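Hello,

Here is the structure I said I would pass on. My notes follow below it.

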Amino acid sequence: MDFGLTEEQVMLQDSVSGFLASAAPLEVVRQAADDRETQVAAIAQGLAELGVSGLLIEEDFGGVGLGMLEAALVQEALGFAVAPVAFTASHVMVPTVLQMAGSDAQKDEWLPRLSSGEVVAGVAVTEQIGRRDSGGISIGGDSLSGQAMFVLEGADAQVLLVADQGGGLHLVEAGDFEVVPLKTIDRTRSVAKIEFNNATTQLLPGSSDSREPLLQMIDAGRIMLAADTLGAAQHMLDRSIAYAQERKQFDRVIGSFQAVKHMCAEMAAQLEPCRSMVWYAAHAMHAVPEESRLMACHTKAHLAEVGRFVARTATEVHGGMGMTDLLGLHYWFKRIGVNRQLLGTPELVREEAAAVQGWV
Amino acid sequence: MDLAYSEKYQGFREELRGFLTAHGDKSPPPYERGKPSEQAVAWQQLLIEHGYAARTIPKVYGGYGAQPDVLEAHIIAEEFARAGVRAGHDGDNRLVPTVLELGTEAQKEWLIPPSIRGEMNWCQGYSEPGSGSDLASLSTKAELDGEEWVINGQKIWTSGAQHADMMFCLVRTEPDAPKHNGISYLIFSMDTPGIDVRPLVTMTGEAIFNEVFFTDVRVPKDQIIGRRGEGWFVANNTLKHERGGLGDPNQAESRFHHIVEIMHNETIDGQRLIDSPVYRDRLLKLQGEMLAQKFNGMRVLSHFAKDEEPGLPRWIVKLNGCEMNHQMAAMAIDALGELGVLYDDSPHLRDEGVWQQRYMLDLGLIIGGGTAQIQKNMIGERALGLPKEPKANSD
């Protein structure tokens with residue numbers, strides 16, 4: 001019994017964090033918000049060299065062949081740095097489901113290119129979780145029509161994984177869809193609306209008569225969003241502690257006032273258990289399959305709640321400066337805010353957790 | 001991440017389950033107030049013989065004599081909680097380790113065997129009316145008169161004093177020393193003349209705590225643990241052995257399952273509560289919180305098993321666990337609605353009124369053993385490195 005990380009896992013996370021600290025400091029994140037293409041490519045390239053893009057991909061396809069816990073550790077580091085790069089959809093959700101349900105030809109075609117970081121893959125599954133506005137995909141023969149809302153990493157994607165109403169999963173290549181970027185509060189990652197008009201698709205054969213590949217892909221995505229929020233919230237807490245030790249009022253550093261100290265303690269008390277929860281949920285994907293869906297739901301929902309609390313409290317610790325663009329704390333605030341809504345709001349996801357337990 | 005217990009521990013768990021199946025019916029009710037019943041004493045003796053109580057107390061003092069093992073202790077706690085059976089005890093979880101580590105040989109032989117058998121019951125004389133969170137300012141004094149200490153003063157919040165045989169007590173013996181260096185740790189019988197115990201009835205309607213008054217209480221000079229003036233350090237020495245007893249996640253999980261049963265069994269207008277999306281969402285929020293604390297507990301346990309100091313994950317256990325238990329009681333009461341405010345022996349009472357008792361008692365636990373606000377100070381200062389509040393000039 002050892003509930004914790006191995007040395008290798010700690011090293012992996014340290015190396016990704018270290019790289020991002022030098023390659024994606026706040027100035028670069030700011031620039032990337034205005035000019036994604038130039039800034040993002042260099043960061044993505046460096047991450048690919050560290051093995052991040054092929055983290056979950058089997059070695060036969062050029063990847064590293066690690067597991068969901070390692071992916072969560074990387075995602076946490078990305079959240080900590082508000083890194084403006086594709087990972088959740090492109091390098092976790094899509095490889096997970098391609099390896100589970102793809103044909104040999106599909107794997108041969110896409111896994112090596114995802115692994116090298118040559119292509120970005122988006123994921124269009126929002127309509128399978130909670131449809132808004134005019135989203136909805138219809139399938140006729142081997143072509144797709146309709147539109148998908150809030151496609152993860154969709155604006156940068158050369159290929160999309162699209163879910164139909166029955167849970168069937170389809171690959172659609174660039175040229176066969178039209179991207180309408182959606183502007184969210186978070187400018188560090190892309191979310192898009194995508195329109196299909198008789199797009200040619202390739203069905204993942206393993207998804208033709210089972211929703212399980214779709215559901216596992218969503219589980220993986222939810223755990224990643226939770227891990228991203230964990231990292232972003234940890235950053236906000238660390239910044240708050242540092243600020244409370246430095247900012248003086250009434251001739252004292254404000255961290256010596258209990259009012260401020262207790263805000264920091266409450267953030268830490270709420271956030272620290274989330275780390276264990278994310279570790280367990282990620283580990284359970286492979287090791288405790290009977291608990292994995294429940295854990296993915298709860299971890300997504302719980303991190304959404306704690307993330308929101310930390311984001312607003314950390315901003316308050318910084319006083320008026322917390323609101324400013326100059327300080328830039330809002331990049332983390334907004335990333336946490338977007339993670340909360342993607343792949344299911346906490347309310348929706350908790351209802352799924354109820355269903356998993358047979359309560360609905 | 002390795003969640004499997006090795007064969008050694010699996011075997012240990014199997015054996016314990018076998019024991020609980022064979023002997024569980026001999027257990028006294030999980031909780032009872034007052035002195036242990038004969039049944040409770042016999043049960044404790046059986047547990048010691050099998051190594052499920054006083055497990056690491058040396059045989060020479062009546063214990064089982066096993067090496068300390070965090071995972072074994074965890075498995076014992078988990079299995080007793082799961083079986084709903086009275087867990088064994090190690091005498092008193094503060095006094096016994098203190099005597100074992102710092103007591104004289106004569107004190108160990110005198111105090112430990114009857115304590116772990118449940119025949120010598122202890123109360124803790126720490127808090128005073130003027131010394132709560134700032135315990136080291138305590139003013140109950142003991143003066144040496146020949147071969148005896150003479151104690152005068154008052155303690156408060158003394159749990160179980162009305163049933164206890166003995167007290168371990170912090171008293172000021174060196175009035176001129178700085179406050180932490182002027183305290184001694186004395187032990188004495190509650191039958192000593194001059195001790196007046198007055199029960200404090202709390203909002204539950206029961207007297208759990210007491211006020212204890214000392215008027216010229218004479219205690220033999222050698223009934224001191226450690227040296228005079230070192231009582232503060234004697235008392236704190238055992239804290240390092242404490243592993244977040246308050247706020248234990250095991251207890252929260254079994255309470256949670258109990259609430260799930262209520263949600264399935266109770267109805268409003270014939271509709272089960274679990275079918276109400278509003279109540280259900282609240283239940284699920286609690287479940288998420290409970291899971292987070294559970295895995296944090298496993299992480300802390302793994303650190304202890306490797307003899308590592310867990311740091312922050314440990315500092316938050318009391319604050320989070322007590323708050324969560326309180327929220328669970330609140331959820332159960334709200335699920336029961338009007339039925340949830342019934343009390344005593346009222347018709348229609350559910351679960352013997354335990355949820356209201358817990359709601360009130362758990363608020364006491366949020367306050368007791370280091371208030372939530374003191375916990376936040378400790379988290380802020382010890383785990384996050386924030387500076388202490390400057391002392392007032394008068395101090």
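Against which helix and strands of chain A do the buried residues of H6(A) pack? The model is a predicted one, and in it they pack against helix H5 (88-101), strand E1 (121-124) and strand E4 (159-163) of chain A. The buried residues in question are Trp110(A), Leu111(A), Leu114(A) and Ser115(A).

Helix H6 itself covers residues 104-116 of chain A, 13 residues in total. From first C-alpha to last it reaches 18 Å, close to the 18 Å expected at 1.5 Å a residue. Just after the helix, Gly117(A) has a positive phi of about 85 degrees.

On chain A as a whole: it contains 11 helices and 10 strands. The C-alpha trace spans about 75 × 45 × 45 Å along its principal axes. Of the 360 residues, 56% count as buried. Among contacts between residues at least 6 apart in sequence, 74% join residues at least 24 apart.

Then the interface. Chain B has 38 residues in contact with 37 residues of chain A. On the chain B side, helices H8 (277-305), H9 (312-315), H10 (317-336) and H12 (372-383) each supply at least two residues. H8(B) gives the most, with 15 residues. By type, the residues on that side of chain B are 21 nonpolar, eight polar and nine charged.

Regards

Methods. Residues are numbered from 1 along each chain as its sequence is written. Chains are lettered from A and ligands numbered from 1 in the order in which they are written. This is a predicted model: local features need pLDDT of at least 70, side-chain atom pairs count only at pLDDT 80 or more; totals for chains, interfaces and linings use all residues. Two residues are in contact if their C-beta atoms, placed from the backbone, lie within 7 Å. Helices (H or I, at least four residues) and strands (E, at least two) are DSSP runs, numbered from the N terminus. Ala, Val, Leu, Ile, Met, Phe, Trp, Tyr, Cys and Pro count as nonpolar, Asp, Glu, Lys and Arg as charged, and the others, Gly among them, as polar. The expected span of a helix is 1.5 Å times one less than its number of residues. A residue is buried if 20 or more other C-beta atoms lie within 10 Å of its own, exposed if 12 or fewer, and partly exposed in between; C-beta atoms are placed from the backbone.
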